[in-house]
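Here are a few notes to read alongside the model.

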Amino acid sequence: VAGLGGCRAVLGRPAGNGEWRAVELTPDHSPFSPAERSRIVGRGGWIGAAERSAFEGDLRVWPAPPDPLAPHSGPDASADPGVRVTRAFGVTACRALGLLGEPEVFSLQIRSEESFLILASELFWKLIPSTEACHVLRHFSNTPEAHLSKAARFLSEKARKRAKKLG
């Protein structure tokens, strides 16, 4: 599995007693990660919360402010959105800030009893925790016709409703 940017791969793995657990296969490449944060700051990037964002503590990467000692809670996200991820394809203009275009690659042996893999965006995972998504898929996979496409639509709608509540 190779991952970069604002997406995550989650595997549903049986945990016994009919329960499933979420196994996050790819790390989040965000300013919240200590290793990613260290690289960004070490290369002169600045990490701070956006002033206007639907998510509390929404960290972004920007060029360092002119006066790093000045009180500043972060740029206005509507004027300068900053970068929400620390790795992404096509970030050549942001390499000086420590952003990378190379994915992290991991190997994993998939077992026969593992029946689903969820690939979703950063925003989806902010709204639907990995464990909750796996519980929903497990529920739908236990139906007589195992409609995982219905589960995907259900999760998408649930995420949309949660995002709407945030404004």
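Predicted model: local features only at pLDDT ≥ 70, side-chain atom pairs only at ≥ 80, totals over all residues.

1. Ser130, Glu132, Ala133, Cys134, Val136, Leu137, Arg138 and Phe140 are buried. The buried residues of helix 3 pack against strand 2 (7-16), strand 3 (19-24), strand 7 (116-121), helix 2 (122-127) and helix 4.

2. The axes of helix 3 (residues 130-141) and helix 4 (residues 148-166) come within 9 Å and cross at roughly 145 degrees; the crossing is right-handed. On the helix 3 side, the contact is made by Glu132, Ala133, Val136, Leu137, Phe140 and Ser141. Helix 4 contributes Leu148, Lys150, Ala151, Phe154, Leu155, Lys158 and Arg162. Sorted by class, this contact has 8 nonpolar, 1 polar and 4 charged residues.

3. Now for the sheet beside this helix. Its 3 strands form an open sheet in the order 3-2-7, with antiparallel pairing. Strand 3 and strand 7 are the edge strands, each pairing on one side only. From one strand to the next, the twist averages 30 degrees.

4. Within that sheet, strand 2 and strand 7 run antiparallel and are joined by 6 bridges. A handy pair for orienting yourself is valine 10, which stands opposite isoleucine 118 in strand 7. Helix 3 packs on the sheet and touches strand 2, strand 3 and strand 7, its direction making about 135 degrees with that of strand 3.

5. How many of the residues of strand 4 are buried? Of the 5 residues in strand 4 (residues 45-49), 4 are buried, so this strand is largely enclosed by the rest of the structure. Strand 4 runs antiparallel to strand 5 (residues 59-63), and 5 bridges join the two. Here glycine 45 stands opposite proline 63 in strand 5.

6. Finally, a word on glycine 3, which lies in strand 1 (residues 2-3). Is glycine 3 buried or exposed? The cut-off for buried is under 20% relative accessible area, and glycine 3 counts as buried because its relative accessibility is 9%. Leaving aside neighbours within four places in sequence, glycine 3 is in contact with Thr26, His29, Pro103 and Glu104. Glycine 3 and leucine 25 are 22 residues apart in sequence, and their C-alpha atoms are 8.7 Å apart in space.

Methods
Residues numbered from 1 in each chain as written. Heavy atoms only, no water. Axes fitted to C-alpha atoms, helices over the stretch in contact; angles between N-to-C directions. Left-handed = near helix turned anticlockwise from the far one by under 90°. Contact = heavy atoms within 4.5 Å. Nonpolar A, V, L, I, M, F, W, Y, C, P; charged D, E, K, R; others polar. Buried < 20%, exposed > 50% of the residue type's maximum accessible area, 1.4 Å probe, protein only. Pairing = 2+ DSSP bridges.
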